[in-house]
Amino acid sequence: MADSLDFEHRYTSGVIAWAPEDEPTDAEIEAVLDAFEDTAWAGLEPDRYAWAAVLHRERGGGAHVHILAARCDLETGRSLNIAPPGWEKTFGPLRDAFNHEHGWARPDDPARARVEQPGHRAYIEAARLRAGLRLEASPRDLIRDYLLQRVEHGMVRNRADVVSALREAGLEVPRQGKDYLTALDPETGDRWRLKGGLYGENFDRERFDRAAAEAAGERETGDRGVDRERAGAARRELAARREERAAFHRARYGGGDRQGTRVAGQGVATALDRRPEPLARFLRRKLGDDALAVEEHPEPDRDPSPN
């Protein structure tokens with residue numbers, strides 16, 4: 001479906017992951033995917049979107065699900081992006097609700113905070129390291145090592161000390177966010193956004209020591225355990241976010257007045273009204289997926305050539 005679209009952006013992809021110690025059951029994973037679907041396409045009937053989810057079980061008990069969704073409303077043919085800017089505000093409550101209900105590991109748990117978040121380039125460098133290639137340190141690496149040295153010697157203990165240390169090194173700090181700093185080289189104009197516990201407003205020496213202990217194999221269990229109160233608050237926030245998204249979808253794509261709906265674990269139940277039904281939907285409903293004509297593309301993974 002995604003390959004057949006002529007949009008610039010034809011699909012949205014993502015990953016839902018569990019820590020090894022969570023050991024989610026198949027039923028629990030299905031429940032998360034049902035909630036994800038109800039959130040991503042709130043207000044739309046199940047036959048108006050196309051998506052796939054692939055489960056990977058990892059050694060050691062971990063699991064993750066790769067998700068791919070065609071960016072299209074199948075009834076109107078209009079582009080449909082389930083992860084627009086600010087998507088975290090919608091899917092964050094969903095994540096929090098399940099984590100608190102099951103006592104699963106939480107990415108926002110302070111005990112799990114990394115001293116520095118590596119960013120995309122770090123993953124590329126890690127791949128090269130595995131191939132045995134030598135790499136020069138990036139500016140972010142140099143800044144991190146400079147600060148960590150001062151942390152280890154007790155010269156940097158909090159966010160204010162981090163900023164002072166950067167300024168002593170000749171760098172400016174034009175922006176300070178909740179979980180990041182922006183460092184600027186006044187001589188070249190180069191700037192770097194630095195994310196992670198080391199640069200957060202709540203950084204302290206004790207948290208750094210905890211992270212170092214975890215890296216040495218002394219990981220703490222963190223803020224785990226079932227919390228019904230926090231789970232309930234997350235569920236209420238999720239319900240409000242779903243209603244906002246459903247209202248947007250109904251305004252943009254129409255529909256939402258049919259009685260058919262997805263029943264968790266039972267596929268799709270459809271009740272037709274008297275509106276004209278699109279031919280593609282009628283054929284799929286009557287004849288199944290074999291009724292859909294598939295156009296063979298010589299190179300389906302490439303974007304269409306410009307006219």
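The legends below accompany close-up views of a predicted model.

**Figure 1. Overview of the chain.** The predicted chain has 307 residues, of which 34% count as buried. Its secondary structure comprises 8 helices and 8 strands. Among contacts between residues at least 6 apart in sequence, 61% join residues at least 24 apart.

**Figure 2. The open sheet β1-β3-β2.** Three strands, in the order β1-β3-β2, make up an open sheet with antiparallel pairing. From one strand to the next the twist averages 15°. Strand β3 (residues 63-70) is joined to β1 by 8 bridges, and its antiparallel pairing with β2 extends over 7 bridges. Two facing positions can be located in this view: alanine 17 stands opposite histidine 64 in β3, and leucine 55 stands opposite valine 65 in β3. In a regular strand the side chains alternate between the two faces of the sheet.

**Figure 3. The hairpin of β2 and β3.** This hairpin has 5 residues between its strands. Within the hairpin, glycine 60 takes a positive phi near 95°. The two strands themselves run antiparallel and pair over 7 bridges.

Figure 4. Helix α1 (residues 26-40) lies across β1, β2 and β3, and runs at about 150° to β2. How far apart are the end C-alpha atoms of α1? They are separated by 21 Å, which agrees with the 21 Å that the 15 residues should span at 1.5 Å a residue. The buried residues of α1 are Ile29, Val32, Leu33, Asp34, Ala35, Phe36, Glu37, Thr39 and Ala40. An α-helix has 3.6 residues a turn, so residues three or four places apart point the same way.

**Figure 5. Glutamate 23 in the loop between β1 and α1.** Glutamate 23 belongs to the loop that lies between β1 and α1. Its phi is near 45°, a positive value in a residue other than glycine. Most residues other than glycine have a negative phi. Is glutamate 23 buried or exposed? Glutamate 23 has a relative accessible area of 54% and therefore counts as exposed, the cut-off being over 50%.

Figure 6. The structure holds 7 aromatic pairs. One of them is formed by tryptophan 18 and tryptophan 104, with an edge-to-face arrangement, 5.9 Å from centre to centre and 85° between the planes. This pair links distant parts of the chain: tryptophan 18 is in strand β1 (residues 11-18), whereas tryptophan 104 is in the loop between α2 (88-102) and α3 (119-130), 86 residues apart. Both tryptophan 18 and tryptophan 104 are buried. Phenylalanine 36 and tryptophan 41 form another edge-to-face pair, 6.2 Å centre to centre with 85° between the planes. Phenylalanine 36 is buried because its relative accessible area, 10%, is under 20%. Tryptophan 41, at 2% relative accessibility, likewise counts as buried. One aromatic cluster is formed by Phe36, Trp41, Tyr49, Trp51, Trp87 and Phe91.

Figure 7. Strand β5 (residues 180-184) pairs with β6 in the antiparallel sense over 5 bridges. Alanine 183 stands opposite tryptophan 192 in β6.

Key: Residues are numbered from 1 along each chain as its sequence is written. This is a predicted model: local features need pLDDT of at least 70, side-chain atom pairs count only at pLDDT 80 or more; totals for chains, interfaces and linings use all residues. Side-chain values use heavy atoms; hydrogens and water are left out. Two strands pair if DSSP finds at least two bridges between them. Helices (H or I, at least four residues) and strands (E, at least two) are DSSP runs, numbered from the N terminus. Rings of Phe, Tyr and Trp (its six-membered ring) pair if their centres lie within 6.5 Å; planes under 30 degrees apart count as stacked, over 60 as edge-to-face and the rest as tilted. Buried means under 20% relative accessible area, exposed over 50%, partly exposed in between (1.4 Å probe, protein chains only). Axes are lines fitted to C-alpha atoms, for helices over the stretch in contact, and angles run from 0 to 180 degrees between N-to-C directions. Contact means heavy atoms within 4.5 Å. The expected span of a helix is 1.5 Å times one less than its number of residues.
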